[in-house]
Amino acid sequence: MGQRRSGGRVTGGAAGRRSPVLIAGRTVACSVGLSVFVASGVVWYEYTSLTDGMTTSNAIAETKKDAPKHLDNSVNLLLIGLDSRKNMDGSDVDPAIVQNELHAGADSSIGGYNTNSLILLHIPANGGKVQAVSVPRDDWVMTYGGDGSEMGMAKIKEAYGNAKDRFDRSAKAKGLKGADLEKAGRDAGRAATIRTVQKFVDQPVDHIAEVNLMGFYDIAKALEPIDVCLTHPVNDPITARTPGHEGGGTGLKLPAGVSHLNAADALSFVRQRHNLNDGHGNSDDFARTHRQQAFISSVMHKLKQQGVIGDLGAMQKLFGVVQKDLVIDNEWNILDFAQQAPALTGGNVEFNTLTYDTGGKKGDPPQDVNLVTPAKIQKVVRQVFTGADAAAPVPAPGDAPTVDATVDATVAPTTAPTSAQAAAPATVDVFNASSAAGVSSSNEAKVLVGMGFKEGRTGPAAGKSKATTVAYGKGAKEAADQIAARYGVTATESSSAGAGRVVVTLGTSFDGVASDRPAAPTAAPTDPTANLPMQGPKVDAQSDGGIPCVF
């Protein structure tokens, strides 16, 4: 445990201060997975040099063949948190470290190869807010092997381990030993997880990033202290495993409010699943999911605050220290991905947790599961992701043409002069037949003078014509066409106008030009998750100063 200070804040117990580059570099990869690639500086590197020495997986090559298709250039990234006490080569993590530092039991078989955290991030093609959905680990779904074959109904977290076990007993595993067997088996597990998630939510998975318990701890150790925020105090004492009781607890004890955690407590923070109830009727597992989402938000905030994102020097250090902690797919083209990264670097990410129909007992022996209807889940995810795609940045004023609502819509306007197009020479007379508030011949003449035309006569119109007209004399056609474009009408030639002159008559229906009026306040972008069934409140990475408060 870290040492407690006044004000309900906890400080990590690491001695000494590490360099900011080392701190940020090692953490970014494992705690966020995708954050390795959110810095704009990566565009100066070759893909091969970025990934040289990093563990990569070829699982995407098979799973993308029959994956659902994107309708645009958006990208989906699956973050996989593996509850494994094994090293990359299959050897056991030191039991003393697992028990004393990770507080995760001394038995390396605990957790197996369960994917206790599955988060699918959708990065819109238009660069808008990233939408992330957490898939509850106990959802009872049809699982699929890496080859697409059905493996049977199971908890979604078990797809990885079941596929790995099936591979290890298959003919393909013959002749493989040690690290080679472990790598091939894990690739089978990754492919199964990807296919199962794709089928369940009916969305493609374009890239993956995977981290296990030890990797998370190493990264958290480099980043500590890490800021988190709780809405309520927590006390999660460790209980021993006894016959009929699996034991549990993390030993975490924190006050409400912001705490500064060391690595061990950070791991406990995201792993705690006992002694929780988030006040929304959700189980401990769902409260833990919200903790994971909040932790990712805090890490992204810290990296941004420390200036690692976009710092080429820090990026060079970063890739040297994440090699043993992170697995990514070997088709991740960082140069392409970097173009869609600004929303991630700015913390413009929103997390939601998918809901379920009801709890139940399934399996042999029976176990607690979340009973779900895939069609309902697919509809929700589709609405969240397509809603994010639709929330395109609002065009800046002047990007789109404006139309005077009082003008005949069948008349095609011509081009009005812009700053890059000088007004043609002409003297403009303005006469007004409108009684609308704010409309006068002199005011309109001032606008036309501001556009570059020479001011002529002003006054009331001789008649009460409803429509606004623009007439011109000899030599003034170009100027008349430019002025007519302002009103959305077609200029007509008239000998009574006089050579070099344009006559504008404002009709009785004229109440001003839309582009002259102050712009109306831009409506807030529609929340694509509004009114959708989710498990508990959303976690917005930009809330609470980048450190969202959760239960």
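**Close-up views of a disulfide and a buried strand**

A search of the whole structure, which is a predicted model, finds one disulfide, meaning a pair of cysteine sulfur atoms within 2.5 Å. Residues are numbered from 1 along each chain as its sequence is written, and side-chain values use heavy atoms, with hydrogens and water left out. Local features need pLDDT of at least 70 and side-chain atom pairs count only at pLDDT 80 or more, while totals for chains, interfaces and linings use all residues.

**View 1. The disulfide between Cys229 and Cys549**. The S to S distance of this pair is 1.6 Å, and the torsion about the S-S bond is about 50°, so the disulfide is right-handed. Because Cys229 lies in strand 10 (residues 226-230) and Cys549 in strand 24 (residues 549-550), the pair ties together parts that are 320 residues apart in sequence; strands here are DSSP runs (E, at least two residues), numbered from the N terminus. Cys229 is buried at 5% relative accessibility, whereas Cys549, at 31%, is partly exposed (buried means under 20% relative accessible area, exposed over 50%, partly exposed in between, with a 1.4 Å probe and protein chains only).

**View 2. Strand 4 (residues 75-82) and its burial**. Eight of the eight residues of strand 4 are buried, so the strand is largely enclosed by the rest of the structure. Val75, Leu77, Leu79 and Gly81 point one way, while Asn76, Leu78, Ile80 and Leu82 point the other way.

**View 3. The pairing of strand 4 with strand 5 and strand 9**. Two strands pair if DSSP finds at least two bridges between them. Strand 4 and strand 5 (residues 115-123) are antiparallel over eight bridges, with Asn76 bridging to His122. Strand 4 and strand 9 (residues 207-212) run parallel, joined by six bridges, and Gly81 has Val211 as its bridge partner in strand 9.

Key. Helix = DSSP H or I, 4+ residues; strand = E, 2+ residues; numbered from the N terminus.
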